[in-house]
Amino acid sequence: MAQLTLDPRELPVLDAIADKVSRVLVTGGGGFLGQAICARLRAVNIEVVSISRSRYPALDDLGVTQIQASLMDMNGLLSACEGCQLVFHVAAKAGVWGPAQSYFDTNVDGTANVIAACQRQGIASLVYTSTPSVTFDGRDEEGIDESTPYASRFLNAYGRSKSLAENMVLAAQGVQVAGDKRLNVVALRPHLIWGPGDPHLVPRVLERGRQGRLRLVGTTDKLVDTTYIDNAVWAHLLAARTLLTSPERAAGKAYFLSNDEPVTMAQMLSRILACDKLPPVEKRVNRHLAFALGAVLECGYRLLGIKAEPPMTRFVARQLSCSHFYDLSAVKRDLEYVPLVNMNEGMIQLKNWLEK
């Protein structure tokens, strides 16, 4: 991993966390967001433990203690939590396709185990990484805030499983942990995290762009919020500091999170493509046709037992043709969140990373 340079605004927040804790668990510490959180914590010499099913050399380089286990392994979780005072629960099964049970095992049952492990090991602060998908029912989300209810219907197992998990986390607010302490929780809902090191969104866009298979869905360009990786990490650090120093401001709440710079999907995809010197995306497909095609492909793949992700699903069709931008008033007020890196700066960093 490249040498980390902290933003000057990060240091006092990290120092405030270091004043309160000496050992932190990051579930899924080897992932894109988890690894970036680990790097910040290690920069101020906080002892960090990661629990993941795989081992990551980059975490070894950071001096992170790694425990190889799934979230379904209660003994592994208890071992990982031992001696910790704070948990960042980042691990999840993400994606738009796959057996529903695999999402519920990791995202729902795994989260229940994390909460139980916090209780048994006396950990009183839990920051949970959620998703805006918990409110997305296939319709435009334009400037919505946290008063928006969970979706009543979901187009994939990921959104439904994460809604159940987030509700479980928030319901755990105030439960007694070992001794006389009470658990304080915060859930963060970052939308489309991207940036240098991204193993998901950016490679997918670039691969389809190179192959000429990238399409815009619908004839109307809708506004979409995204989240640069450093801003996603920043919000998690702010949430931890708040739980540790003034929990009454945020405990038991969920917050939408983004760069607060909505752009059209065409602009976002084309800017990512430009970072790799690829032409902008221009081809379009009718939104109703895309949704129908997704439904047919999902049915066909299930009937044929094909495990690969279909080239289109109902969720992707709706995701790409709907607005997704949020009112960030709550996270700005309660966590004092202001993005560290704007989109222009982030794109420069992404371009530099791709050119290495």
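Predicted model: local features only at pLDDT ≥ 70, side-chain atom pairs only at ≥ 80, totals over all residues.

Residues are numbered from 1 along each chain as its sequence is written, and side-chain values use heavy atoms, with hydrogens and water left out.

**Overall build**

- The protein comes to 13 helices and 15 strands; these are DSSP runs numbered from the N terminus, with helices being H or I of at least four residues and strands E of at least two.
- A compact globule of 356 residues would have a radius of gyration near 21 Å, and the protein agrees with its 20 Å. That radius is taken over C-alpha atoms, and the globule rule is 2.2 Å times the number of residues to the power 0.38.
- Along the principal axes, the C-alpha trace spans about 60 × 45 × 40 Å.
- Of the 356 residues, 54% count as buried, where buried means under 20% relative accessible area, exposed over 50%, and partly exposed in between (1.4 Å probe, protein chains only).
- Take the contacts (heavy atoms within 4.5 Å) with a separation of 6 or more: 78% of them come from residues 24 or more positions apart.

**Cysteines**

- Searching the whole structure turns up zero disulfides, a disulfide here being a pair of cysteine sulfur atoms within 2.5 Å.
- For C84, the closest cysteine sulfur is in C81, 6.1 Å away and so too far for a bond. C84 is also buried, at a relative accessible area of 4%.
- C118 has its closest cysteine sulfur in C81 as well, at 5.2 Å, which is again too far for a bond. The relative accessible area of C118 is 0%, so this residue is buried.

**Threonine 106**

- T106 sits in helix α5, which runs over residues 100-121.
- With a relative accessible area of 17%, T106 counts as buried.
- Setting aside neighbours within four places in sequence, T106 touches L71, A92, K93 and T111.

**Helix α7**

- In α7 (residues 201-211), the buried residues are L201, V202, V205, L206 and R208.
- The cover over those buried residues includes β8 (193-194), α9 (265-275) and α13 (343-355).
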